[in-house]
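Subject: Structure handover

Hi,

Here is the structure I promised to pass on. Have a look at it first, and my notes follow below.

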Amino acid sequence: MKATEAKILDFLKKSPQFVIPIYQRTYSWTERECQQLWDDILRTGRNDAISAHFVGSIVYIEKGLYQVTSQSPLLVIDGQQRLTTIMLVLEALARRLGETEPVEGFSAKKLRNYYLLNPLEEGEQGFKLLLTQTDKESLLALVQQKPMPAEYSLRIAENFALFEKKVKDLNDEEVAALCKGLAKLVLVDISLNRDQDNPQLIFESMNSTGRELSQADLIRNFILMGLETDHQTRLYKDHWRPMEVSFGQEAYGSQFDSFMRHYLTFKTGDIPNVNAVYEAFKAHAREPDVAASGVDALVADIHDFANYYCAMALGHEKDKDLGAAFHDLRELRVDVAYPFLLELYHDYRMGILSKNDFIQAVRLVEAYVFRRAVCSIPTNSLNKTFAVFGRELRKSHYLESIQAYLLNLPSYRRFPRNDEFRREIVQRDLYNFRSRSYWLRRLENYDRKERVHVDEYTIEHILPQNENLSPRWPEDLGPEWQRIQETYLHTLGNLTLTGYNSEYSDRPFAEKRDMEGGFRHSPIKLNTGLGSLDAWNEAAIQERAKRLAEQATEVWAAPSLPADVLEKYQPKNRKTGVYTIEDHPKLGPGAPMRSLFDAFRREVLALDPCITEEFRKLYVAYKAETNFVDLVPLNKALRITLNLRFHELDDPRGMGRDVTGRGRWCNGDIEVDFNTHEDLPYIMGLVRQSFEKQMGSEELLDEINGGGQS
């Protein structure tokens with residue numbers, strides 16, 4: 001490796017040509033990075049006291065790829081983003097300068113012939129910088145002042161337009177400052193020798209700062225960088241480039257990392273950390289069976305699953321029925337289900353899973369997530385639920401095994417049954433539900449062939465939400481009208497769709513019913529029955545809510561299997577219910593520790609609705625995702641085991657003991673004994689740490705009803 005400091009214009013002038021290899025990411029700088037560079041250039045050019053401004057490094061392979069001559073291209077390993085951006089600034093400046101030369105060396109002719117073009121060369125050798133794919137044609141069109149190609153690079157076009165406008169807006173003095181600033185830009189020129197240096201390791205370390213490469217960029221480079229040029233080109237053109245095109249320029253940057261994470265979750269059964277997908281991929285690629293199949297098979301497999309993902313997550317599905325099911329999942333933002341659905345899609349393509357069963361499976365996933373959101377069941381560990389779903393499949397009875405798995409999910413993972421769903425959906429605030437357009441559309445279009453585009457309508461509160469209602473409303477509602485409005489305003493029974501929202505305003509119900517376009521004449525199915533009502537009051541709201549809730553159980557249908565079939569899928573090692581508190585004499589009525597135990601269990605179970613209590617033969621387990629605290633009753637104390645590493649516990653009083661590696665019945669590395677009610681608040685502080693560690697380590701699905709994101 002050779003590293004030297006150089007002014008960037010001198011570096012460009014002496015270098016014959018820069019080539020961006022096909023395994024590099026496309027040009028991706030946004031307005032933010034461009035604005036920062038622009039500000040730095042002008043600030044440097046305006047201040048004579050600043051002699052130079054450092055912009056980073058350019059790392060390239062000097063030898064080993066081409067036969068070395070004075071005109072050998074330099075293969076850029078790192079620095080293409082700033083290199084390309086400076087080229088765009090130079091082209092924009094050249095168009096402004098024309099025949100003028102405000103600063104020596106800065107005229108349109110000199111900028112192009114020194115830094116943008118190789119005027120004595122023919123063909124592609126006539127350009128200083130060759131990018132990849134769409135970026136390449138777009139940049140070449142710019143430096144030749146030709147129209148952009150039909151399939152142009154969005155980033156190249158948008159950033160050039162930004163610089164062109166900025167240059168046009170400068171006065172003559174500021175143009176001179178821009179030229180001086182460009183002349184002061186300095187970089188570190190780092191040349192590698194392919195025979196002696198490891199470009200992959202250097203590439204990874206060089207991209208640890210600045211605008212980070214995506215995990216997908218690193219993966220592509222890891223796969224392609226070490227291959228011979230012909231092999232690189234073939235794999236890129238046959239597989240990677242088609243994937244980039246399928247995702248699209250914008251979605252590739254924002255979605256490919258997510259796809260790769262779902263792909264690895266499906267393949268390995270483990271969920272990679274968002275920022276460690278690249279490391280997880282390298283580990284997967286080095287697995288003996290994967291490595292034995294070869295890089296071609298690995299890339300082809302990624303290509304297949306990327307197509308599945310694009311069909312489901314990006315709306316590329318060509319089958320109308322499947323496309324509709326995927327569309328509904330996207331509206332719910334059920335990203336955590338994709339590892340499971342990737343397996344289903346693969347089996348559908350392989351003929352193992354029928355189209356009809358595939359659609360039913362997707363609808364079950366949709367219903368599962370929506371019902372849980374309506375019932376306010378914590379979304380913790382949904383990612384893990386779907387990550388291990390595939391292990392439960394019996395592909396000889398594919399759909400049946402999916403239904404059984406959902407029905408057998410325990411506690412806070414449960415699939416809400418009809419009675420719970422009906423009860424909750426009538427009382428939830430569905431107006432402020434994040435996916436309100438989704439549930440309205442699904443209810444409206446269920447079981448009808450002529451689809452209603454709900455985006456053309458607005459949501460209507462039949463009983464208005466105005467604080468100052470017209471006098472008729474309190475008369476119709478009765479003396480408790482304020483309670484009724486507060487209780488039912490945003491609930492299922494009071495919400496509908498209309499194209500006449502502004503005309504309805506806060507008119508009395510009778511006027512909304514009978515006016516032109518009113519409920520009596522509405523083609524909207526959700527308004528069925530409103531035209532025949534004499535009044536809109538508490539009873540009417542409750543009756544409509546009950547009817548729509550019943551319909552909702554069909555729209556988001558629960559799985560159903562005969563008891564004898566479901567029994568076949570019961571986990572064979574399930575012990576729940578075998579032991580009770582009666583099996584623990586030290587917790588019996590009147591036992592010294594019974595009162596303290598009762599207080600402890602109340603505090604633990606109150607931490608979160610997802611927590612369950614399970615009596616085992618020798619201890620009592622408290623679970624969220626898994627055991628976070630276990631309790632062993634002793635004669636004169638209660639002993640708890642916390643599922644934490646000893647160094648993770650904040651324990652000012654030093655009550656915890658490190659039992660790492662010792663044989664014991666419980667889960668965790670920390671034991672704590674206590675025997676007084678006075679200690680309970682402190683003990684609960686320790687327990688809460690274990691609980692929060694477990695819940696914090698699980699990624700949370702975006703709350704569909706407006707909650708947060710982990």
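β10 and β11 form a hairpin with three residues between them. (Helices, H or I runs of at least four residues, and strands, E runs of at least two, come from DSSP and are numbered from the N terminus.) The two strands, β10 at residues 620-623 and β11 at residues 627-633, pair in the antiparallel sense over four bridges; strands count as paired if DSSP finds at least two bridges between them. Val620 stands opposite Leu631 in β11. On another side of the story, a hairpin of four residues joins β9 to β10, and these strands are also antiparallel, with four bridges. There, Glu613 faces Tyr622 in β10.

Before I go on: this is a predicted model, so local features need pLDDT of at least 70 and side-chain atom pairs count only at pLDDT 80 or more, while totals for chains, interfaces and linings use all residues. Residues are numbered from 1 along each chain as its sequence is written, and side-chain values use heavy atoms, with hydrogens and water left out.

Next, the inside. What do Trp439 and Phe600 do in the largest nonpolar core? Of its 199 residues, these two touch the most other members. (Such a core is a set of buried Ala, Val, Leu, Ile, Met, Phe, Trp, Tyr and Cys residues joined through side-chain atoms within 4.5 Å; buried is under 20% relative accessible area, exposed over 50%, partly exposed in between, with a 1.4 Å probe and protein chains only.) Helix α17 (residues 355-374) gives this core its largest share, twelve residues. Leaving aside neighbours within four places in sequence, Phe600 has contacts (heavy atoms within 4.5 Å) that include Tyr622, Val629 and Leu631.

His584 sits in the loop between α27 (563-567) and α28 (594-605). Is His584 buried or exposed? It is buried, at 4% relative accessible area. Not counting residues up to four places away in sequence, His584 touches Phe615, Arg616 and Pro633, among others.

Finally, charges. The structure holds 50 salt bridges, each a side-chain nitrogen of Lys or Arg within 4 Å of a carboxyl oxygen of Asp or Glu. Arg657 and Asp673 form one of them, with the closest N and O atoms 3.5 Å apart. Arg657 lies in strand β13 and Asp673 in strand β14, so the pair ties together parts that are 16 residues apart in sequence. Salt bridges that share partners also join Asp328, Glu331, Arg363, Glu366, Arg441 and Arg442 into one network.

Cheers
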